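Work through the exercises below with the sequence and the coordinates at hand. Each task is followed by a solution in steps.

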Amino acid sequence: MKKRLLSMACVVPLCLTMLPATALAEDLDNPPILSEENSPQTNENAALSAENALAGDESVEVSEETPAVSDDWKDNADVAWFTGSETQYILSTPEELAGLAQLVNQGESFQGKTILLGADMNLGNREWTPIGGGGSGKQFQGTFDGDGHTISNLKITRGLSYTDKNISIGFFGATQSGVVKNFTLHNVDVTGSGRVAAVVGGDANVESKITNVHVTGSIQISGYWYVGAILGNGYTSISDCSVVGDGAETSFVSITGGYAGGIVGFMGEGNCVTSGCTVRDLTVQGAHNGIGGVSGILHYGNTIQDCTAENVVVWQTVTPEEDGRIYAGAFAGTFLDNGGKTPPTLENCEFTGEIYSGPDRQDILEAERYVGSLWYGAHPPATVNIAGCTIHMPAVAQVNGQSYSDLSRAAEAAKPGDTISLLRDITSSTWSTIRNLSGITLEGNGHVLTLNTQAFQSNGGNTFRNFTLDLTGSADGYGIGAASGDVFQNVSLLSGKDLSYGIFISGTDNDHETVTVDNCTFDGMSHAIYDDKEGKLESLIVTNSTLKGGACLILCAPQGQFTGNTLDGTKLSIAGNDQTVTGNTLRNGSSISFYQDGSIFTGNHILSGSYLEFVQDNDQNWDLRDNDFGEEIILTTEVETVSVILPTLEKTGYTFAGWREGETTFLGGRPLLPHPKYDAHCPVGKDLLCWVRRGLQQRDFRLGP
């Protein structure tokens, strides 16, 4: 049982005499328009104004107030262009386009008729009513030919509740048996519940064929179920379309439920083809049942071909299924093959981007994840006919100018003297320990590795620097296996108590083996560093580092050095007799355990509440005078006898009287030795400086006046 013998404070009587600026940006898609009413006056107009003013009130015309413009296009619909007798209508204003929505939603299908755009149009982020769908129960069944024009700033705001009003949402809510082609939607902000897209929401029936339609700029499309940029949900063919956002960080297709794709959310089964399409600079994310760069699902009998996804992030945001299924893939999030009868086809497609799963964005670093896992209601085996497809995962590391999408491959390529440079953070729940590293430098560039098992096993002579290793989700034995010659610089290791050792050092029978740790942080694990006694490491040098969260350190190496470090609520064990422990700070109840004397212990700062303890060897002798204890010393022993010399304190205006507890005072600078009079029967409350373990109650010695 530990005995806490001394808790002292110095005998010193104390006397107390003691506005944000807002930046405005011009909307380039909505430039100010100068009309006759607000144009600069000519000299003639100015003269006429002056004459009217001089002529008196009778000659001054008072203009009527301009009526407020509605924020909803349905309130400004123009249907005067529609005669009902023509087979082709050319629309040139947003009001006429809104008139098309009104006519369709009132029951005019336009079957056999063509709508042709005659000009670019700016919808100005005013609320748009979908053409068909959206609770109307109607479909556009004609041909819509944009003739290469652009419709800008589409905005549709519906709720996420699965009601008729919020279903089949897009520029077109629902179409049937016609064609939608040849135009661009630039800047879209669309929200609905089910069957949501920028171009055609769909109503899960045979939709119009969609060809040569493009969505560009700021793309923000959100929904609950079946969401894509071109089509939400339907049965059709889509060809030569593109979705190009303004960046994967800002443009997205997002769902809270299931099925999202860069082109189509859910394409129904049976000979539906998506071909020649491009998705770029976009994030596709959502919870369930299929998140894909092109399509949410690759249904049986269907084909995705000649499609490209570039700088696309695919992310299934929920934790993978218990059976390991992850419904996220480069081209499709899930698939079905009709029991092997009509497997789908994926051919000549290329993906460059990132694939994640789980709320913490676990990397899926699989160069063959063309599609996500088999649909949740089906059972393997199942197949997809895949030919000529390529996935380029993002580069995570570089060696000699060559980039690698897998850190283990970079390590295999690195030769002694090479540097592996990390290019991005890595989060993985399927990590395999990288082994046999020798003589290389791993430059982390400030990145974070979030892993579920041991990161590296060194053969020695490596330098690890400038990265964070987060193992809070790991139950493995240790984080990094080190060997002689390894150097750790500015590395942070984070974990829970399930991790036994941050760095575990294995030495050999060779001479002069050293491991150096500088400016590192250890937080949470049971032991920050452990140098195996059986390994016979000669020197462990730890400098300018922080140990906290209970991360202890056992200094076993005979010539170990522990200098300039901070112990924050944790413990250092000095197991040797020729070690150097200098310039360290102990705070928040930290401790240092001395197993035997002989080591150098100077210049340390033991703050209030932290303490020193003496274990294992009897008859230890320690001079503590060259250390700073503030105004309290706490010493604890598990051995029978120990001798210490306490420091004296200096404080301007005061004279140090000694260390005292109760009625007993002890002078600084003199050894405290076991009292010769007492052995096993020290009386409690009198002559409390008894350093014999047997029968002694734990005592505190503190400062008194």
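**Exercise 1. Strand pairing**

Task: Which residue of β10 is the bridge partner of V196?

Solution: The model is a predicted one. Take the two strands, β8 (residues 194-196) and β10 (residues 225-228); they pair in the parallel sense over 2 bridges. Look up V196 in this pairing: its bridge partner in β10 is V227.

**Exercise 2. Two aromatic pairs**

Task: Classify the ring pair F82 and F110, then the ring pair F144 and F172, as stacked, tilted or edge-to-face.

Solution: A pair of aromatic rings is described by the distance of the centres and the angle of the planes. A search of the whole structure gives 33 aromatic pairs. For F82 and F110 the centres are 5.2 Å apart and the planes stand at 55°, so this pair is tilted. F82 belongs to the loop between α1 (43-55) and β2 (88-91), F110 to the loop between α2 (94-105) and β3 (114-117), so the pair ties together parts 28 residues apart in sequence. F110 has 0% relative accessibility and therefore counts as buried, the cut-off being under 20%.

For F144 and F172 the values are 5.1 Å centre to centre and 80° between the planes, an edge-to-face pair. F144 is in strand β5 (residues 143-157) and F172 in the loop between β6 (167-169) and β7 (179-191), 28 residues apart. Both F144 and F172 are buried. One aromatic cluster includes F82, F110, F144 and F172, with W81, Y89 and W128 also among its members.

**Exercise 3. Charges over rings**

Task: Over which ring does R126 lie, and over which ring does the charged end of R361 sit?

Solution: R126 lies over the face of W73, 3.9 Å from the ring centre. The charged end of R361 is over the ring of W315, at 4.9 Å from its centre.

Terms used
Residues numbered from 1 in each chain as written. Predicted model: local features only at pLDDT ≥ 70, side-chain atom pairs only at ≥ 80, totals over all residues. Heavy atoms only, no water. Phe/Tyr/Trp six-rings, centres within 6.5 Å; stacked < 30°, edge-to-face > 60°. Helix = DSSP H or I, 4+ residues; strand = E, 2+ residues; numbered from the N terminus. Buried < 20%, exposed > 50% of the residue type's maximum accessible area, 1.4 Å probe, protein only. Lys NZ or Arg CZ within 6 Å of the ring centre and 35° of its normal. Pairing = 2+ DSSP bridges.
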